[in-house]
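This report looks at the pockets of one protein model and at a residue beside one of them. The structure comes first, and the description follows.

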Amino acid sequence: MRSTIILMLALLLIISGCSTSSSQMETSAKDKLTVVRLSDATKLDPHFITDISSANILYQKVYETLVVPDLDMKPQPGLAKEWEQIDDVTWEFILREGVYFHDGTVFNAEAVKATFDRLLDPNTASPQAEKLGMIDDIEIVDEYTVRFHLSAAYAPLLSILSANEGSIISPKALSENPKKLWEHPVGTGPFVFDYWKVGQEISLKKNEEYWGDKPKINQVVFKVVPEDTTRLAMIETGEAHVNDQVPITEIDRIEASETLNLYRADGLGIEFLGFNVQKAPFDQLEVRKAITQAIDRKAVLEGVFQNSGMLANSPMSPKVFGYSDDVKPYDYDLENAKALLQEAGLEGLKVTITTNDRKERINVAEVVQSQLKKIGINAEVEVLEWGAYIEALNNGEHEMFVGGWGNATGDGDYNQYNVFHSSSHGGAGNHTYYHNPEVDRIIEDARKEIDEETRRSLYEQAMKLEMEDAAMIPLRYYEHLAVYHKDVEGLVISPVNYILLNEITIK
């Protein structure tokens with residue numbers, strides 16, 4: 001009898017153990033969010049990240065900034081709880097106390113100074129340095145107070161400090177092995193870096209010691225799945241939860257599905273066709289103007305993007321400060337385009353259009369290829385994986401390219417200085433390698449101008465010159481699309497196109 005009771009108790013313990021294990025597995029599945037993406041990150045160091053796709057994995061997740069933009073891109077307290085502009089060139093920030101980096105280092109004024117000193121050090125050779133080049137010095141007032149001393153007045157300082165470029169990095173990681181940050185980020189954010197299987201996936205885990213409101217999920221995995229249909233199928237079956245790189249061609253399928261939801265929101269970015277103006281024959285205005293007049297932008301918006309987003313008329317979205325609807329590119333005019341090429345003696349011209357491997361951009365390149373045939377230009381389409389595409393543009397290896405610029409601050413300076421100023425050639429964002437001294441001067445004046453109406457006027461002047469010089473052809477203003485499984489709640493995509501994770505739950 002005694003042995004029977006012992007056997008029954010043992011069986012109950014085994015059953016109980018199995019039940020607990022099953023429950024833990026179920027909870028674990030609900031606490032792990034899988035985001036499927038077209039491409040892997042290029043690098044994980046915010047001082048060297050030049051694409052929003054890579055920044056999306058870390059921004060306000062692993063790394064945080066002194067100031068945080070709300071959904072209207074207005075600055076809110078972040079790692080700095082308050083600030084004051086003392087004069088035109090001096091800003092003071094009061095920092096939060098009780099905040100720690102993921103390696104245990106305390107967050108304080110020393111950490112802020114170490115981060116920006118490293119970014120601005122010429123030996124670092126950060127492509128982001130120019131974006132914050134107005135910072136002359138950072139003064140430590142006390143352990144939790146810093147003053148930014150600028151070389152000149154810079155009106156949108158708070159907006160750039162709230163962007164990925166303003167991410168605050170662990171001073172311990174910076175001093176011990178800064179190169180390791182390319183593959184192992186160390187910040188103060190709500191998620192801690194877990195691992196990176198290059199070409200496959202990146203994992204982040206909830207920071208249990210986070211100073212603010214903790215995320216509702218325990219882990220997020222960004223998984224690389226190059227095939228569009230596979231990504232959708234994974235979400236449909238529940239194998240994955242979110243895909244923030246949705247092919248426009250799949251919208252009908254998503255809307256017809258019982259398990260998929262579609263997220264749509266106007267963005268700050270622009271998609272465009274660009275020229276490397278330092279390479280012949282694109283160093284000739286007549287050639288760039290001819291190609292601009294040969295491109296039917298409305299046909300591209302309707303045929304490729306299925307009217308997702310808006311037809312772009314300038315290099316700056318209507319949602320960005322400084323936009324003007326008085327800025328226009330050259331009109332579509334095939335006959336004038338042919339005449340310009342004849343005058344330049346370049347009939348039968350052969351060109352290469354470089355694009356990354358996103359389906360819509362390949363389609364854009366192919367439509368442009370077809371349109372250019374009408375004026376006697378033979379175009380070859382070169383499709384590169386995302387990392388190789390960014391590298392080619394940064395190194396100036398391209399001729400024409402299908403590009404985009406996702407404004408990360410909501411301010412026109414982020415478009416103008418990074419995309420058109422001559423000091424931003426290459427990795428900083430000026431992939432057309434455009435240089436107009438008059439445009440440089442106007443952009444610099446706009447940075448210093450405090451009066452908002454004067455700043456708007458300056459940006460309008462700059463953009464009109466850029467359109468006259470035909471360095472790029474604006475195609476459309478972004479509409480952000482994301483698809484997510486019906487069991488996912490609380491998904492928000494910021495105007496910059498960052499996934500915001502803290503409120504996400506999985507039913």
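## The second largest pocket

In this predicted model, the second largest pocket is lined by 29 residues, of which Gln60, Val68, Pro69, Leu500 and Asn502 lie nearest its centre. A pocket here is an open set of points on a 1 Å grid over the protein atoms alone, where a 1.4 Å probe fits, with protein on both sides within 12 Å along at least five of seven lines, and lining residues have an atom within 4 Å of a point.

About 670 Å³ of space lies in this second largest pocket, a volume being the space filled by probe spheres set on the points. Strand S2 (67–69) and strand S20 (499–500) each supply at least two residues of its lining, strands being DSSP runs (E, at least two residues) and helices likewise (H or I, at least four), numbered from the N terminus.

## Glutamine 60

Glutamine 60 sits in the loop between H2 and S2, and it counts as buried because its relative accessibility is 15%, where buried means under 20% relative accessible area with a 1.4 Å probe and protein chains only. Leaving aside residues up to four places away in sequence, glutamine 60 touches Thr65, Val68, Ser162 and Pro190, contact meaning heavy atoms within 4.5 Å.

## The largest pocket

The largest pocket holds about 870 Å³ of space, and among its 50 lining residues Arg358, Arg361, Trp386, Tyr478 and Asn497 lie nearest its centre. S17 gives the largest share of that lining, five residues.

## Basis of the values

Residues are numbered from 1 along each chain as its sequence is written. Local features need pLDDT of at least 70, side-chain atom pairs count only at pLDDT 80 or more, and totals for chains, interfaces and linings use all residues, while side-chain values use heavy atoms, with hydrogens and water left out.

Conventions: Buried means under 20% relative accessible area, exposed over 50%, partly exposed in between (1.4 Å probe, protein chains only).
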